[in-house]
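Subject: Structure for you to look over

Dear colleague,

I am handing over the structure below, and my notes on it follow. Please read them with the model open beside you.

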Amino acid sequence: MRSIQFLTTLLLVGTLLAGCSSTTFNGAWKNPDYNGKVKKVYIVGIANQETHRRIFEDDFNQQLSDHGVTCLSSYKDLPTSKEIDEFKIAQNVSANGADSVLMVHVTGKRTEEVVNPGRITTYDGGRYYERPYYRNYGSYYNQRREVIYEPATITQFNVATVEANLYDTKTKEMIWSAQLETVIDGNIQKLLKDFAKTVIKDMARKGVI
């Protein structure tokens, strides 16, 4: 279990350093009994900061429209997350004629730590060698190598676990569900845009949209 978590951590760090999306899937599921495609989604982003919620819902709105899907942002009906409840959501869904509801919220946060142990490299006038940098004492003495020390480094970053669930408004049954992890790197707008892109891509791949 520990090794799986470590591999997940390395994957998240790798995608972040590579400049790719910092959001990865823990798992995604589609209801095998659902054969249709959603056309009008009412999105509910549950967040502590309303500004982030609005940016998030607007990103979904813009990206879903590229797939021919109409997205209705709940913050226009429910300006604050404190106002969100089952009755009000159902009321607004009905009023807007939405065929589905997408609910997204952060279920947990944690701090990950990656340790680079460092290394020793030697230079002998044009060629570098990594340790072990000597085979016997004669070659070590004669080659007069310069030793370069690269100290160990520790990198800390925050990871949020996010759950996204898509429901059919008529049957109230779940159509699609996913749990994702996203690296919080300080650029909230890019993070939210990448998250929306990752979610929508999987929904399209599974034939939901």
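Two strands are said to pair if DSSP finds at least two bridges between them, and helices (H or I, at least four residues) and strands (E, at least two) are DSSP runs numbered from the N terminus. This is a predicted model, in which local features need pLDDT of at least 70 and side-chain atom pairs count only at pLDDT 80 or more, whereas totals for chains, interfaces and linings use all residues. Residues are numbered from 1 along each chain as its sequence is written, and side-chain values use heavy atoms, with hydrogens and water left out.

I begin with the strands. Strand β2 (residues 40-46) pairs with strand β3 (residues 70-73) in the parallel sense, over four bridges; within this pairing, Ile43 has Ser73 of β3 as its bridge partner, and Lys40 stands opposite Thr70 in β3. Between these two strands the chain passes through α2, and the resulting β-α-β crossover is right-handed, a term that applies if, with the strands pointing away from the viewer, the path from the first strand over the helix to the second runs clockwise. Strand β2 also runs parallel to strand β4 (residues 100-116), to which six bridges join it, and there the bridge partner of Gly45 is Val104 in β4. Strand β2 is mostly covered, with five of its seven residues buried, where buried means under 20% relative accessible area, exposed over 50% and partly exposed in between (1.4 Å probe, protein chains only).

The aromatic side chains come next. The structure holds two aromatic pairs, counted where rings of Phe, Tyr and Trp (its six-membered ring) have centres within 6.5 Å, with planes under 30 degrees apart taken as stacked, over 60 as edge-to-face and the rest as tilted. The ring centres of Phe56 and Phe60 lie 5.0 Å apart with the planes at 70°, so this pair is edge-to-face; both residues belong to helix α2 (residues 50-65), where they are four residues apart, about one turn of the helix. Phe56 also forms a tilted pair with Phe195, at 5.8 Å centre to centre and 50° between the planes. This second pair links distant parts of the chain, since Phe56 is in helix α2 and Phe195 in helix α5 (residues 188-205), 139 residues apart. Phe56 and Phe60 are buried, Phe195 is buried as well, and Phe56, Phe60 and Phe195 form one aromatic cluster.

With best regards
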